[in-house]
Amino acid sequence: MPYSGAMLAYRHAFHAGNHGDVLKHVVLMLVLQHLNGKEKGWRYTDTHAGAGGYALTGAYARQKREHDNGIARVLDRDDMPEPVAQYVNLVRSLHGNVVADGAPLSSLRQYPGSPLIAQALMRPQDQLRLFELHPTDHRILSSTFKGDRQVEVYMADGFAGLKGQLPPPTRRGLTLIDPAYEGERDYASVLATLRDALTRFADGVYMVWYPQVGKLGSRELPRRLQALAQGASKGWLHARLTVAPSAGGFGMAGSGVFLINPPHTLHASLQPVLPWLAQALGRIEQPVWVLDHRAV
Ligand SMILES: C[S@@+](CC[C@H](N)C(=O)[O-])C[C@H]1O[C@@H](n2cnc3c(N)ncnc32)[C@H](O)[C@@H]1O
């Protein structure tokens with residue numbers, strides 16, 4: 001069944017900077033930093049790119065204020081592990097966030113989406129390929145990257161579009177698969193897309209973000225991803241934070257990222273980060289963090 005406009009009720013602007021974004025974007029930054037350790041260029045493909053960046057002062061973000069329980073809880077801490085400090089600096093350095101002398105440091109006006117984080121780490125030899133189906137978010141995304149010859153933006157289904165991006169010409173690359181998971185269908189699409197992607201580019205780095213919600217697909221996804229990676233004899237890493245109350249299984253208790261072919265440095269880099277984020281973002285008595293991996 002093709003996607004239709006009516007199926008796209010999700011708008012990331014409501015959720016920008018929440019605890020899920022914090023986990024996802026810290027890990028994204030670490031992976032791209034690792035890829036930057038070699039001169040050879042990489043291609044970053046974002047199958048579900050969103051609008052690129054979000055105004056925290058805008059009507060959408062103000063409505064739910066999810067960033068209050070996300071980025072805002074880490075911003076002004078003075079005990080951040082190094083990767084979190086680097087992520088916070090990256091967010092603060094965004095145009096629009098640079099505050100005047102004397103203004104409170106915590107006054108963030110904008111929160112970057114994954115495309116702006118990738119752009120901040122991109123070198124002249126690297127490429128960004130961004131897919132976004134929602135017409136409004138696609139328009140914002142296109143105008144943000146207009147004129148940047150290293151970036152291509154597509155208003156197309158990212159699950160299907162990924163096929164055309166693999167393998168990248170340099171055979172180095174990261175794919176972020178970060179759907180809206182509005183129904184159960186996205187969970188199955190993630191698995192099918194990855195299975196296909198590994199046949200086209202077996203050595204690529206793949207990163208899936210998923211919400212921890214009371215749906216069968218969400219509960220099963222980490223186990224299924226692990227089986228897929230192991231069946232393909234690939235290394236993997238799973239990081240999850242459970243930090244929020246979820247009455248009766250409703251609401252997002254936390255979220256996870258699952259990587260196939262993760263950088264070999266990622267597990268060690270995340271070891272101080274996960275417990276710290278669980279504590280900083282936790283709004284339940286016992287926040288839980290998971291950091292699991294298998295190297296090949
Ligand atoms: C969770 S948001 C992406 C957030 C973004 N990756 C970030 O970290 O800033 C998911 C996005 O996917 C878009 N979307 C939904 N179905 C899609 C599809 N099949 N292909 C491409 N984009 C899609 C939605 O409109 C939404 O903007």
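Angles under 35 degrees count as roughly parallel, over 145 as roughly antiparallel, 65 to 115 as roughly perpendicular and the rest as oblique. The structure is a predicted model, in which local features need pLDDT of at least 70 and side-chain atom pairs count only at pLDDT 80 or more, whereas totals for chains, interfaces and linings use all residues. Residue numbers start from 1 along each chain as its sequence is written.

**Figure 1. Packing of helix 8 against helix 9.** Helix 8 (residues 185–200) and helix 9 (residues 216–231) pack at an angle of about 10 degrees, and their axes are 10 Å apart. Axes are lines fitted to C-alpha atoms, for helices over the stretch in contact, and angles run from 0 to 180 degrees between N-to-C directions. The two helices, helix 8 and helix 9, are therefore roughly parallel to each other. Tyr187, Leu191, Leu194 and Arg195 of helix 8 make the contact with Gly217, Ser218, Leu221, Arg224 and Leu228 of helix 9; residues are in contact if their C-beta atoms, placed from the backbone, lie within 7 Å. By class, this contact of helix 8 with helix 9 has five nonpolar, two polar and two charged residues. Ala, Val, Leu, Ile, Met, Phe, Trp, Tyr, Cys and Pro count as nonpolar, Asp, Glu, Lys and Arg as charged, and the others, Gly among them, as polar. Helices (H or I, at least four residues) and strands (E, at least two) are DSSP runs numbered from the N terminus.

**Figure 2. Crossing of helix 1 and helix 5.** The axes of helix 1 (residues 19–35) and helix 5 (residues 114–121) come within 10 Å and cross at roughly 25 degrees. Helix 1 and helix 5 are therefore roughly parallel to each other. His25, Leu28, Met29, Leu32 and Gln33 of helix 1 meet Ser114, Ile117, Ala118 and Leu121 of helix 5 in the contact.

**Figure 3. Surroundings of the ligand.** The ligand is surrounded by 22 residues, the closest being His48, Gly50, Gly113, Ser114 and His134; a residue is near a molecule if its C-beta atom, placed from the backbone, lies within 6 Å of it. This shell divides into nine nonpolar, seven polar and six charged residues.

**Figure 4. Backbone geometry at Pro167 and Arg65.** Leu166 and Pro167 are joined by a cis peptide bond, with omega about -5 degrees. Pro167 lies in the loop between helix 7 (158–161) and strand 6 (173–177). Arg65, in the loop between helix 2 (59–64) and helix 3 (71–74), has a positive phi near 50 degrees.

Notes:
Left-handed = near helix turned anticlockwise from the far one by under 90°. Contact = placed C-beta atoms within 7 Å.
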